[in-house]
Amino acid sequence: MRLACVLLVLLGLLTWLGTLEQVHSSLYDVQRKYFESFVLMHDFGPFAIPLPGANLVMSALAVNLVLGGFVRLRKSRETAGILVTHVGIALLLVAALMKHHASQEGRVTLSEGQSSDWFESDYRWEIVVRDLRPDGSVHEHAVPFDALANAADSAPVEISAESLPFVLDVREALSNCRPDVVRGGGSSEVHLTAVPRDQEIARNIPGARFTLRDLRGGNEVTGLVWGAQSAPFTTAVADARFEVDVRRERHPLPFGLTLADFRKVDHPRSSMPRSFESDVLVDGERKVTISMNEPLRADGLVVYQASWGPQDAAPGARLFSTFAVVRNPADSLPLVACIVIALGLVFHFTRKLTRHVRSQRSAA
Amino acid sequence: MNSVLRIAFALLAWVSALPAAARAGDSTQPTSSTIQAFERLPIQEGGRVKPVASFARFTLLSASGSTSPVDADGRRCGAAEWLLRLALFPELAKDDPVLLVEDSQALTAVGLVTHDHKKRDRWSYAELTPVLPDLLDRAHAAQGIAADQRTPIQLQTLRIAESALTVLRIGRTLDFARHRMPLLDGTRVAALFPGRDAVGVADVIERAPEIAALERELAGSDDGRERGAITALWRNATELCADAQILAWIPPVRPVADEADWKTPADLLLAARSGGSASAEHVALLRAAEEVTARRTDPAKLEQALETLVARVESLAAARGELGPIGLEVAYQRLGLLGWSTALFLIGFALCALAWLRPRGRFVRRAAGIAAGIALVLLCAAIVMRCTIRGRPPVSTLYETVLFVTASAALVALVVERIQRQRIHLALACLVGAGGLFLANGYEALDGKDTMPSLVAVLDTNFWLATHVTAITLGYAAGLLAAILGSAYVVIAFLRGARVDRERQRSLARSTYGVVCFALCFAVVGTILGGIWANESWGRFWGWDPKENGALLICLTMIATVHARRAGAVRDLGTCIAAAFGGTVVAFSWWGVNLLGVGLHSYGFTSGIHRALWTYYVAQWSVVGLGGVVWLMRRRAVSSARSASTSSAADVRASSRAEEGNLVPPALPRAPTRSVKSATR
């Protein structure tokens, strides 16, 4: 239990330092440095103090909770409330683990009247090879950008599929870059130049350089793709057309989502927003209104009102609405944990209080 | 005792300083029933319909930092009275010193002689008139600078300019009803008003369609006189309405869904000029306002005219279903329950102090209990009134957290008093009550904004406000109360040393621990509920936002304290020191994180809270330090007791006294070896 105290105080210290640090650096960096790390160096004036990261402390606390809170706890009517409370805390930890390992997050932006059956990640990217068949159908092969991180000229990462007549060798993958035009010898050439990663994670634009190897002995083509480019890389191999593109990772929505109407209502005679509401059609028929605090829950996904625009739209202009989409199998677990913890605490402390009051009465 | 009572009465008199009744025979002085009628006038501001009394209160607070200004003759009046006088008699009210200047340097900078004023003083609009253009120029320049880069003088300049402009506008807000516009003799537009040589804004709005038609008809003609007459009429009317825009007191007549905005006379004029004919009800309202200004020097008729005006607006608002509990809000502003509550808490505390001096006076003790009880009831009544007015759970703004924290901390302290019957909890309840209400008052004055504002979209949910916000606020309340109880323990232990009453101290430590447990329950549940709410509206449970971290810090502190006590690492003294430290954690979470200016919860303008917050931090950390000293003293006492037990008889006596006084904690491991060392030093 003494160890638990030390760990709790350490976690408190980290939380405090991590809060103050947010004044100077971005939430993302602070989160990485203090809360998702095992060790860190805290800058204290001219000194740097080594500290265990919150990840380490919390893991230790979890072990401590299981050993001290369940295994070694004397089980009696006396400690029933404590045990229940610890179970609740453990449930919270389970929820966090489930969310960490099995959740998907992203967003989808729809203009009024527009539909979508996918949503995209905020910051994960993928390389996609599109096979444009003559019959008008499109077949996509997507590879997560993270899988290309180590691509190099000496060790290219291959992207291939049975239906593709070529192999794509990714020779360079940059997580944040910009295209530069290099002029020389009468011709100009486009290069991708790496840029330091942005604090705002969604602002990083990746790019990749690759070669296309025709499997039937054709020539090799070199190409570039960049996250912010307006048109994909296009090529034709043996009468078939293909596109290569880098885009935010897409996930299918298990239902079609159509934005019928978006409304932003202000409080009268003020510019303070009273509500943001989106009327959406699920699978083109079921009408649902999504607003702040009232997300749509369907097929294991939760769709939230996240943003809207254009913010300077003239009255009556067509608006768009952005929804955050989250798949979280532990979505309702925190509520259960909360109820369990509340019951445990109330049981334990009420018991102690009534006993104390009774003893006080008998003393008086 | 006399002096205590005198102070108490003085406080009562101060709190109950209601607007003085009108002096007989003064025709520029509205009667108190006129003022009461005026207070009810419904207006729409900041997204809601409210009585003009609330608008007056917060306008005055932001301009003068007080709600009971002094007029030029040194007479105190209420906020609504000030506003009414300013609107009706601007030529007199411009001499009322209501513009708060925190630092006269802002005025010397524009060349005003400030010798006859204090550095921080209230100035009248008339005194500032000579430098107003310069002041406005500077304020304009200061506006171009980023908010956090402005110097104190620039901030002052901005504030003074803003307040002066508000006073100017309110003074002119009835111009549209006060003045008549001359008609050019023999013109066709004059013929629209037969037998009149001058017309008011209401007339123009009423006949606007005809005037507009005439204007169109004459558009092609080259009759400059005719066209000029119409242009002049529009221009004059617009000019007279220009400053009426500060108050929207005209409800749209037809209950149309997209007509949520109430109108000002300027809006009516604009609408009428662009072709819409004004409704009869609106013209009647404007005429009622004209009647009010015409009767301003006849108190009896003024009251009648004002009653008519207010009744008309009320009936239009009621027809739209927007009048709501406006009467209750007027009553809330008029009753000033919080002032009475503050006074009673102070009286209760004074009586507690008295009871200490005369420990046998049961009457005094009982009176203290009654005072605290009534104070708490009044505070709760105020909170319930606010809930009814807003149709919301008790806490939805930072200001309301202060009221709720105060009420619940005082309530918990009184309940503990019922259980423990040690009197100290009663005294601390009074202290918490009075302190909390002073904080509320100070914050209200500093903010100078409506404390019942409309809520932004994400907060518009009574379910989460009732659960998460209430729970976490109860956690704050209990955490702060535990800190005060713990501090009392430490301070008493330090001051009384060996003479301390063991039984009482143990009881105090026990109640501190109990309140820590209470705080733990609500802080933990409230924090998790907050996560669930965040997951419900943003799709993430936890985001390491400063406010979330603050709540987590409270939980961690309380959990660590409880575990340390259970593990035997700390005893009574340690628990109380931890609770005292916990108070600073609560203060950090409640106010401190908002001062950081980052994250999702930086919703309050709280920079003025800085000093108060740091004072509290330092006070509480000093208590923690003091606790360390007490701990060291006890160790010394233990060691000297042990080493002395083998020496002279006198020391044995001393050490046994020390045991009596509970200087010796029940067990101190490792004491023998170290105590020898410290004894030899």
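A polar contact is defined as a pair of N or O atoms within 3.5 Å; within protein, one atom must be able to donate a hydrogen and the other to accept it, and residues adjacent in sequence count only if both atoms are side-chain atoms. Across the interface of chain B and chain A, the rule finds 15 residue pairs in polar contact, both residues at pLDDT 80 or more. The elements that give two or more residues to the side of chain B that touches chain A are α21 (398–420), α24 (502–537), α25 (546–567) and α26 (572–596) of chain B. Helices (H or I, at least four residues) and strands (E, at least two) are DSSP runs, numbered from the N terminus. The most is given by α24(B), with 14 residues. By residue class, the side of chain B that touches chain A divides into 34 nonpolar, 15 polar and 8 charged residues. Here Ala, Val, Leu, Ile, Met, Phe, Trp, Tyr, Cys and Pro count as nonpolar, Asp, Glu, Lys and Arg as charged, and the others, Gly among them, as polar.

The model is predicted: local features need pLDDT of at least 70, side-chain atom pairs count only at pLDDT 80 or more, and totals for chains, interfaces and linings use all residues. Residues are numbered from 1 along each chain as its sequence is written, chains are lettered from A and ligands numbered from 1 in the order in which they are written, and side-chain values use heavy atoms, with hydrogens and water left out.

In the interface, 57 residues of chain B are in contact (heavy atoms within 4.5 Å) with 52 residues of chain A. The two chains bury about 4600 Å² between them, 67% of it on carbon and sulfur atoms. Buried area is the accessible area (1.4 Å probe) that two parts lose on being put together, summed over both. In chain B, B:Ala457, B:Trp544 and B:Arg566 lose the most area to chain A, together 15% of what that side buries. The rule also finds 2 salt bridges across the interface. A salt bridge requires a side-chain nitrogen of Lys or Arg within 4 Å of a carboxyl oxygen of Asp or Glu. The side chains of B:Asp267 and A:Arg269 meet in a salt bridge, at 3.3 Å from N to O.

B:Trp544 lies in the loop between α24 and α25 of chain B. The residue is buried, with a relative accessible area of 10%; buried means under 20% relative accessible area, exposed over 50%, and partly exposed in between (1.4 Å probe, protein chains only).

Chain A has a non-glycine residue with positive phi, A:Asp283, at about 55°. A:Asp283 sits in the loop between β14 (273–282) and β15 (286–291) of chain A. It is partly exposed, with a relative accessible area of 46%. The peptide bond from A:Gly309 to A:Pro310 is cis, with omega near -15°. A:Pro310 is found in the loop between β17 (301–309) and β18 (320–327) of chain A.

Chain B has 29 helices and 6 strands. Buried residues make up 52% of its 681 residues. Strand β1 (residues 42–45) of chain B runs antiparallel to β2(B), joined by 4 bridges; two strands pair if DSSP finds at least two bridges between them. B:Glu45 stands opposite B:Arg48 in β2(B). The hairpin of these strands has 2 residues between them, and B:Gly46 takes a positive phi near 55°.
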